[in-house]
Every structure is written in C-alpha cells, then in structure tokens.
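Me: Hi! Could you walk me through this model while I have it open on my screen?

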Amino acid sequence: MELENAQIIHAEEDADFDQIFQIREIVFEGELGISEEAQIDGFDAVAHHYIMVYEGKAVGVSRWRVTLGGHIRLERLAVLPAYRHKGLGRALMEKMLSDIPKSRRTFIECFAVQERYFEGFGFVREGDDFDTEGIPHVRMELRR
C-alpha cells in the first residue's frame, strides 16, 4: 500500500462536495454509465462523506448514512482509475468502518464483481444478485 502520501478528510465544506461530485461523475457516470439521477440520490445532505487525498489531489470518495430503518449503509466508494491498486479504497473502507456506530446492522449494496473484495472486510452476501442501472449488484451485511 502506498499510503505515506495519503490522508482521508471528513468532507464538510462546499469545496469538498465539489470534489466529491467530480470524482463520482468520472467514476459512476463516465466510467460505469450510471445516470446522474441514480448516483445523486438525495441522501448526500444526511450522509457522512470522506475524501481520499493522495499527493495533494482528491482521488477517492466514500460515504455512509443511517437508513430510515436505523441501519448503516456504506455507499459511493469510488477511486479514480489512475489511483487504484494502491490501497486507497481499502483505507477509505477501514475509515468508514472505524467511524460507524458498532451497535447497528451495517450493509453495502455493491457490484456483484466486488463481492470477494468486500468479503475481506467481513461482509457476507444476502440473497441473490439484483440489477441496478444495468449492473449486477449484491447486498452484503457486515458480520462482526
């Protein structure tokens, strides 16, 4: 992992959100073809957002939020293509997992091809694959 030149900031300023939306647009809309309407879902105002800054540049984002049912949902983990395979996404996940309330059920709905990746954090598949925006997804729950 190349985390020596990296830091994770908790997004709070308007400029932070400009960076978040730019990264999500590049990864989710540009790279994966997900519509803007699907990736900007109205929960940004109530979520806890993180930005991965690597060598002074915002290169990754993630968020978590409490659902209407009181559970924790991890979402919108994205790292720019040129910065993948450096441990930056893993560091974002570890930061979220360290910050979330431990007493609540925690889940993620990820791309089906990422299932093994999230198993490495302790997530276990729940149910069958489902389609979102033409991409197979799977729901996974964190087992502590």
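Me: To start, where is D18 found?

Reply: D18 is found in helix α1. Helices here are DSSP runs of H or I with at least four residues, strands are runs of E with at least two, and both are numbered from the N terminus. Before we go on, this is a predicted model, where local features need pLDDT of at least 70 and side-chain atom pairs count only at pLDDT 80 or more, while totals for chains, interfaces and linings use all residues. Residues are numbered from 1 along each chain as its sequence is written, and side-chain values use heavy atoms, with hydrogens and water left out.

Me: Thanks! Is D18 buried or exposed?

Reply: D18 counts as exposed, at 55% relative accessibility. Buried means under 20% relative accessible area, exposed means over 50%, and partly exposed is in between, using a 1.4 Å probe and protein chains only.

Me: And how far apart are the C-alpha atoms of D18 and A58?

Reply: They are separated by 11 Å, and the two residues are 40 apart along the chain.

Me: What about A11, where is that one?

Reply: A11 is in the loop between β1 (6-10) and α1 (14-31). A11 is buried, with a relative accessible area of 7%.

Me: What does A11 touch?

Reply: Not counting residues up to four places away in sequence, A11 touches D16, F17, I20, H49 and I51. Contact means heavy atoms within 4.5 Å.

Me: Let's switch to the strands. Why is β5 described as largely enclosed?

Reply: Strand β5 covers residues 106-111, and five of its six residues are buried, so the rest of the structure largely encloses it.

Me: Which way does β5 run against β4, parallel or antiparallel?

Reply: β4 (residues 72-79) and β5 run parallel, joined by three bridges. Two strands pair if DSSP finds at least two bridges between them. Within this pairing, L74 stands opposite I108. Between β4 and β5 the chain passes through helix α3 (residues 88-99), and this β-α-β crossover is right-handed. That term means that, with the strands pointing away from the viewer, the path from the first strand over the helix to the second runs clockwise.

Me: How many bridges link β5 and β7?

Reply: Five bridges, and β5 and β7 (residues 135-142) pair in the antiparallel sense.

Me: What does the charged end of R139 sit over?

Reply: The ring of F107, at 3.7 Å from its centre. The rule is that NZ of Lys or CZ of Arg lies within 6 Å of the ring centre and within 35 degrees of the ring normal. R65 also lies over a ring face, that of F43, at 3.7 Å from the ring centre.

Me: Now the aromatics. How many aromatic pairs are there?

Reply: The structure holds six. Rings of Phe, Tyr and Trp (its six-membered ring) pair if their centres lie within 6.5 Å, and planes under 30 degrees apart count as stacked, over 60 as edge-to-face and the rest as tilted.

Me: Why is the Y54 and Y83 pair edge-to-face?

Reply: Their ring centres are 6.0 Å apart and their planes are at 70°, so the pair is edge-to-face. Y54 lies in strand β2 (residues 48-54) and Y83 in the loop between β4 and α3, so the pair ties together parts that are 29 residues apart in sequence. Y54 counts as buried, at 5% relative accessibility.

Me: And why does F118 with F121 count as tilted?

Reply: The ring centres of F118 and F121 are 6.2 Å apart with planes at 40°, so that pair is tilted. F118 and F121 are both buried. Y117, F118, F121 and F123 form one aromatic cluster.

Me: One more topic: is E75 buried or exposed?

Reply: E75 is buried, with a relative accessible area of 5%, and its place is in strand β4.

Me: Which side chains have polar contacts with E75?

Reply: The side chain of R63 does at 2.8 Å, and so does the side chain of R73 at 2.7 Å. A polar contact is a pair of N or O atoms within 3.5 Å; within protein, one must be able to donate a hydrogen and the other to accept it, and residues adjacent in sequence count only if both atoms are side-chain atoms.
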